[in-house]
Amino acid sequence: MSNAIARFFATGADREPIGDRGEIDRLYRRHRLRVMLAITLGYGLIYTCRLTLGVVKKPLIDAGVFSPSELGMIGSALFYTYAIGKLTNGFLADHANMKRFLAFAFMMTALCNLAMGFATTLWLAVTLWALNGWFQSFGAPGGVVAMTGWFSNRERGRIYGVWSTAHSIGEGLTFLGVGLVVSVLGWRWGFWAPGLVGIATALGCYLLIQDRPRTLGLPQVSDWKNDRYDGAPKAGMKSVLALQLSILKIPAIWILCLASATTYVTRYAINSWGILYLQEARGFSLPAAGTLLMTSTLAGIAGAIGFGFVSDKFFNARRPPANLLFGLVELAGLCLFFFGPETMPMLLLSMALFGMGLTGLVTSLGGLFAVDIAPKRVAGAAMGVIGIFSYIGAAIQEQVSGALIQGGMRMVDGVRVYEFGPAIWFWIGSSLLSLLLATSLWRTRLRD
């Protein structure tokens, strides 16, 4: 049984090379566009299946279904399984056929969301959300493996930046689209609507994504683009597993793990608790809170693309100077959001700065920088190593934030009142630590 499953997901055998240069060019242009569309838009759509819990927290609390600490437990279950899954599935992705690997995962995460709409007991919700995290963990390493197979070294910073907009696309659709659905139809549709979209996304990705170029008879993308060597196996090279394990011997990888973990604390603090904060501390309605947070996701699209462009063009593909620049922008936006004037223009500005800076950092620390300094043949494993630390950070955040928020919650004249101060300082402190760790890698350079 296990052998049959492994064969189903395994990458195909290399085909006889195509000799017609015109046909090679035509197939590359066609499949690169389709792959990029699938891993960017498809991943963005399936991302809504991960974030919807943050939108329905207030309705669930108000209905007495779950408390803030219980919601923290449910949310952390996704992040813990995502962290473990991103490591193991990152290693597996280097050996897999992305057409089947990603389509299967997207279908399963959609089904988890549909089931979550029926869950009102803690153990069931924790179990379903943990399974959702596991299947979500296929997405990022799978997308990076597909990207490195179809795009060369010289393109990677810009292409990675475009792909990273998927996070912002998913966040924007969740905050605005799912928020509107929940405000009209109730919290259950906050899970059902993304689940239905996820099923369509899985089918679309299966149709668009292709296996490695050589399984179609095409040359390596480095040969087609006349680029420098980007990790294709050659005689005398280490095995894929040996290359994967060699990642653990790179000191910069471990610093990146910690920097990414602390960045993900702040990232998912705002994603998971930002709507509740705006509703309870600022008096926003659910649609209005979602609309404001969507500002950060729109700015995040510019941040993701901008980071790849800035680091490639202005810093010669060096990520640390861009890390410092985008980290300062993110921290400024976060402080302005919590401590600046409580006017709509200032809130919009703060979310724009935060979204641009944070998504730039996530683009770098969450994958691009690791892919730069690790052997290119094992990009999935590099993403996996970074990913397990990133999402352990997100999971710890979920539990700590839930406990801090519940600790500051009290009833006054029959009205629930929140004190967000301790949680806010926890989030800002994590951003500052991430900036310091990322800056410490100033002399780390791109690996050929």
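## Exercises on salt bridges, helix packing and a surface patch

Lysine 57 and glutamate 398 form a salt bridge, with their closest N and O atoms 2.8 Å apart. Lysine 57 sits in helix α3 (residues 57-62) and glutamate 398 in helix α16 (residues 379-407), so this pair ties together parts that are 341 residues apart in sequence. Both lysine 57 and glutamate 398 are buried. Keep in mind that this is a predicted model.

**Exercise 1.** Work out which helices are linked by the salt bridge between lysine 58 and glutamate 280, and find whether each of the two residues is buried, partly exposed or exposed.

*Solution.* 
- Step 1: Start with the contact: the side chains of lysine 58 and glutamate 280 meet in a salt bridge at 2.7 Å, N to O.
- Step 2: Check accessibility: lysine 58 has a relative accessible area of 21% and is partly exposed. Glutamate 280, at 25%, is partly exposed too.
- Step 3: Look for shared partners: salt bridges join Lys58, Asp62 and Glu280 into one network.

**Exercise 2.** Find how far apart aspartate 25 and arginine 21 are along helix α2, and classify aspartate 25 as buried or exposed.

*Solution.* 
- Step 1: The two side chains, aspartate 25 and arginine 21, meet in a salt bridge at 3.1 Å, N to O. The structure holds six salt bridges.
- Step 2: Aspartate 25 and arginine 21 are four residues apart in helix α2 (residues 21-55), so about one helical turn separates them.
- Step 3: Aspartate 25 has 17% relative accessibility and therefore counts as buried, the cut-off being under 20%.
- Step 4: Arginine 21, with a relative accessible area of 45%, is partly exposed.

**Exercise 3.** Describe how helices α12 and α14 pack, giving angle and distance, and name the handedness of their crossing.

*Solution.* 
- Step 1: Helix α12 (residues 251-281) and helix α14 (residues 320-339) pack at about 20 degrees, with axes 14 Å apart.
- Step 2: That angle makes α12 roughly parallel to α14, because angles under 35 degrees count as such.
- Step 3: The crossing of α12 and α14 is left-handed.

**Exercise 4.** Identify the residues and helices behind the nonpolar surface patch.

*Solution.* 
- Step 1: Val184, Leu185, Trp189 and Leu196 make a patch of about 410 Å².
- Step 2: Helices α8 (153-185) and α9 (189-208) each supply at least two of the patch residues.
- Step 3: Take one member: valine 184, in helix α8, is exposed, with a relative accessible area of 66%.

Notes
Residues numbered from 1 in each chain as written. Predicted model: local features only at pLDDT ≥ 70, side-chain atom pairs only at ≥ 80, totals over all residues. Heavy atoms only, no water. Patch = residues over 30% accessible without salt bridge, like charges linked within 9 Å, V, L, I, M, F, W, Y side chains within 5 Å. Areas by Shrake-Rupley, 256 points an atom, 1.4 Å probe, with all protein chains shown as cover. Salt bridge = Lys/Arg side-chain N within 4 Å of Asp/Glu carboxyl O. Buried < 20%, exposed > 50% of the residue type's maximum accessible area, 1.4 Å probe, protein only. Axes fitted to C-alpha atoms, helices over the stretch in contact; angles between N-to-C directions. Parallel < 35°, antiparallel > 145°, perpendicular 65-115°, else oblique. Left-handed = near helix turned anticlockwise from the far one by under 90°.
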